[in-house]
Amino acid sequence: MQININVNGTDHSLDVEPRRLLVDAIRGDLGLRGTHIGCDTTSCGACTVLVDGTPIKSCTMFAVQADGSAVTTVEGLKGADGLSAVQQGFSAEHGLQCGFCTPGMMLVSTALLEENPDPSEDDIRWAISGNICRCTGYVNIVKAVQWAAAAARNGGEEG
Amino acid sequence: MYPPAFEYQAPDTLEGALAALAELGDEGRVLAGGQSLIPMMKLRLAAPSHLVDINRISELSYVRRENGSLCIGALARHNDVVGSADAKASGVVSSAAPWISDPLVRNRGTVCGSVAHCDPEGDWNSVMLAARASVVAQSSSGSRTIGIDDFIVSFFTNSLEPGEMVTAVCVPIPSGASGGAYMKLERKIGDYATVGVATQLELASDGTIAQAGIGLTAVNYQNTRASAAEDLLRGETPSDELFAEAGAAAAAASDPQTDVRGDAEWKRNVVAVYTRRGLAQALASATS
C-alpha cells in the first residue's frame, strides 16, 4: 500500500505491506536507526516515537496506520539552534548509561514538557513509566528532565 | 517479529466499517488500539486474514454522558478516560483508568477493545462488572445492547456475532450517593495485574447499601462477578465487619493459579484484603 508520512518535517511516500510495523518502516525504509527495537512485545518503550505529538510504541502500530500523520523520532528533536532542552538535559545530567532506552526516554520527556512545563518528580516518573531503562539509571533520567524543564522556563538558558 | 500477512482497510465511517464486517463475516477482525491484537499477531497467537481498522472513524472517539449513563465510544483511548471530567461520574471507571498498562499503551489502546478482548487478566471487564455496564454491539443490520455478564462468555471469548462490532460501552450513573475504586496489584507498571478488584457502592437515603458491584481480575478463567459478596452487602449498613465478610466471600469466588506472580493462596488473600479496602474507599467517596 502507498502511504504518505511526514517524518521529522520531511514528507515521505512509501510502499509498504499492511503488516509492516511502523518501527521497521522508520528504521528500514527511512534508515532512521535512532528508534530502537527492544522487547518487540509492547513492554519496554525503546521504540517510542511521537505520532502527531503523542508518544506511542512504534512496534505496536502498523506503518499503514500512520498514513497522513506527522512522526517525530529522536533524529527530529534537534532544532535549528542545536540540541533541544531535553537533549541538553540528558547530556548535562548524564541521563543515560548504555543509551539504548534514551531515544524513547527523550521523546516521552519532550511530550511531557509540551503538556506540563513544570512537572513534579512524580509527574516525570509517571510519564516515563512505560519506558524501561535496563541499566536502572532512572535517577539521572529524572534529573535530566528536571534540567530541561528548568532550562525551558529560563528561556533556553542553562537550568 | 512480523505478523502473518493480512488484508487491510481503514474506512472513515461507521457505516463503511459495518459494511466491511458484514461482507467478511468470520474472516474480519476489528483493529482499534491494537495494543493486545498486534502483539498477539506478532507472536502468531492470532492470525486474522482481514483487519478493519477503525482508527479513522472519529465519530467513535468520545467519553460522554448520555441519558443517565457514562458512555465510552469504540475509539476512546484509555488516556481519554483518564483526562475526562465526565468519567468522574463513575468512581470505579475513573479510578481504574490511570492503572491500565503504561502511559504509552494508554495513549493508543481503547477501552472498548479491551472489553471485547475478554482477557481475564485485563482490568476493564472487572470494572464493567462492578459498574453493571452494557455493551453496544452494531452490525450492518442493526444495534443491540448486551449486559456485561452476558457479553463475557469465557477466556478471550465474547458474545459478538460475526459481522458485529462493539461501538460503545456504557455504565449507568448512580442516582444516589455512590463511590467506586479499582485496586490493582502489579509487579511493575505495564505488567498484567497479579490481582485486581473493582468495587462500586450505591447508598440509599438511609445510608444502607442500595447496590454493590464487585469484579475480580486475574483470579479466574474470566473476569468474575463476586455475586455472593454483593448479596451480603445489599440492604445492609456499611461497617468494617461487613466489608471483611464481603472480602472473604470474594476470595471464595476466586480460583487463582500459582504462577510467576505468586501462589494461589496468597492471591486469594489479596482478593479478600483488596475487596475490603476497595469497599472502604468506595464508601469514603460516597459519603464525602
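**Packing and pairing in a predicted two-chain model**

Reader: In this predicted model, which strands of chain B are included in what covers the buried residues of H1(B)?

Author: The model is a prediction. Residues count as covering when they are in contact, that is, with C-beta atoms within 7 Å. On that basis, the cover over the buried residues of H1(B) includes strands S1 (7-9), S2 (28-31), S3 (50-53), S6 (134-139) and S10 (165-172) of chain B.

Reader: Why are the buried residues of H1(B) on the same side of the helix?

Author: Helix H1 of chain B comprises residues 14-24, and its buried residues are B:Ala17, B:Leu18, B:Ala20 and B:Leu21. They lie on the same side of H1(B) because the arc they cover around the axis is only 160°.

Reader: Which residue follows H1(B) with a positive phi?

Author: The phi of the residue in question is near 60°. The residue that follows H1(B) is B:Gly25.

Reader: How many residues of S10(B) are buried?

Author: S10(B) has eight residues and is largely enclosed by the rest of the structure. The number of them that are buried is seven.

Reader: What is the bridge partner of B:Val136 in S10(B)?

Author: S6(B) is also joined to S10(B), through five bridges in an antiparallel arrangement. Within S10(B), B:Val136 has as its bridge partner B:Ala168.

Reader: What radius of gyration does chain A have, and what would a compact globule have?

Author: The C-alpha trace of chain A spans about 45 × 30 × 25 Å along its principal axes. For 159 residues, a compact globule would have a radius of gyration near 15 Å. Chain A agrees with this, its own value being 15 Å.

Reader: What pattern does chain A follow along the sequence?

Author: Chain A contains five helices and five strands. Read along the sequence, their pattern is β-β-α-β-β-β-α-α-α-α.

Reader: Which helix gives the most to the side of chain B that touches chain A?

Author: The contact takes 20 residues from chain B and 20 residues from chain A. On the chain B side, helix H2 (37-42) and helix H5 (103-108) each supply at least two residues. With five residues, the helix that gives the most is H5(B).

Conventions
Residues numbered from 1 in each chain as written. Chains lettered and ligands numbered in written order. Predicted model: local features only at pLDDT ≥ 70, side-chain atom pairs only at ≥ 80, totals over all residues. Buried ≥ 20, exposed ≤ 12 C-beta atoms within 10 Å, placed from the backbone. Helix = DSSP H or I, 4+ residues; strand = E, 2+ residues; numbered from the N terminus. Arc of directions from axis to C-beta. Contact = placed C-beta atoms within 7 Å. Rg over C-alpha atoms; globule rule 2.2 N^0.38 Å. Pairing = 2+ DSSP bridges.
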